[in-house]
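This report goes through one protein chain, from its overall layout to single contacts. Please keep the sequence and the structure in view while reading.

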Amino acid sequence: MTPLELLDALKAFIEENTKDILLPVRVDRKSGEAKERPAEVYKMRLPTKDAETKRIPYVLLQYIKSTDTQTAGEPPESSCMVRIVAATYSEDGEEGAMCVLNLLTRIRIAFLRDGVIAERFMLKPPIEMIVYPDSTPPYYLGEMMTEWRMPIVESEVQKVWQ
């Protein structure tokens, strides 16, 4: 299994577990209408530079690194580290920071409750979570670092030599 499959699975999982959290969206100046919607989920990067502020609220899933190890006498292990960034918007500073905390907490609880994503990626504690205290109003950011056990890839060459 690849990190690409993990990111796809995490995107679907987060969308499903946060779809009912309606978050503030910047007021449309033409209509003057305030809106709310669930956070959009992106993989690796946002679609454009403008999306950093125009697509808020969002969750961004970023692959950090993979590790494949095998200690003598132990079964092989494969893991992948994924950074989850949450961004929200609010004219009210307290509400904006609480929205980030709410979004990340919902994701964290869903991960801890289920423990396995797509029947093949297992959460490897600990989960580290932070809401940045120095966010730039009216935008608020936080992040979570997660590590996932992945199915191992077995060497076909080693099978021949055994």
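## Burial and the cysteines

A residue is called buried when its relative accessible area is under 20%. Cys 99, with a relative accessible area of 11%, falls under that cut-off and is therefore buried. Cys 80 is buried as well, at a relative accessible area of 1%. The structure holds zero disulfides.

In the chain as a whole, buried residues make up 36% of the 162 residues.

## Model and confidence

The model is predicted. The average pLDDT of the chain is 89, and 90% of the residues reach a score of at least 70.

Where pLDDT is low, the predicted coordinates should not be read in detail.

## Overall layout

Four helices and nine strands make up the elements of the chain. Read from the N terminus, their order is α-β-β-β-α-β-β-α-β-β-β-β-α. The C-alpha trace spans about 70 × 25 × 25 Å along its principal axes.

## Helix H1

Does the length of H1 agree or disagree with its number of residues? Helix H1 covers residues 3–18, and at 1.5 Å a residue its 16 residues should span 22 Å. The C-alpha atoms at its ends are 22 Å apart, which agrees.

The buried residues of H1 are Leu 6, Leu 7, Ala 9, Leu 10, Phe 13, Ile 14, Asn 17 and Thr 18. Around the helix axis they cover an arc of only 165°, so they lie on the same side of H1.

## Aromatic contacts

The structure holds four aromatic pairs. One of them is formed by Phe 13 and Phe 111, whose rings are stacked, at 5.5 Å centre to centre and with 20° between the planes. This pair links distant parts of the chain, since Phe 13 belongs to helix H1 and Phe 111 to helix H3 (residues 93–114), 98 residues apart. Both Phe 13 and Phe 111 are buried.

Phe 111 also pairs with Trp 148, this time edge-to-face: the centres are 5.0 Å apart and the planes make an angle of 85°. Trp 148 lies in strand S9 (residues 139–150) and Phe 111 in helix H3, so the pair ties together parts that are 37 residues apart in sequence. Trp 148 is buried, as is Phe 111. Through these ring pairs, Phe 13, Phe 111 and Trp 148 are linked into a cluster.

## Strand pairing around S4

Which strands pair with S4 in the parallel and in the antiparallel sense? Strand S3 (residues 40–43) pairs with strand S4 (residues 58–69) in the parallel sense, over four bridges. Strand S5 (residues 77–89) pairs with S4 in the antiparallel sense, over eleven bridges.

How values were computed. Residues are numbered from 1 along each chain as its sequence is written. This is a predicted model: local features need pLDDT of at least 70, side-chain atom pairs count only at pLDDT 80 or more; totals for chains, interfaces and linings use all residues. Side-chain values use heavy atoms; hydrogens and water are left out. Helices (H or I, at least four residues) and strands (E, at least two) are DSSP runs, numbered from the N terminus. The expected span of a helix is 1.5 Å times one less than its number of residues. Buried means under 20% relative accessible area, exposed over 50%, partly exposed in between (1.4 Å probe, protein chains only). The arc is that of the directions from the helix axis to the C-beta atoms. pLDDT is the predictor's confidence in each residue, from 0 to 100. Rings of Phe, Tyr and Trp (its six-membered ring) pair if their centres lie within 6.5 Å; planes under 30 degrees apart count as stacked, over 60 as edge-to-face and the rest as tilted. Two strands pair if DSSP finds at least two bridges between them. A disulfide is a pair of cysteine sulfur atoms within 2.5 Å.
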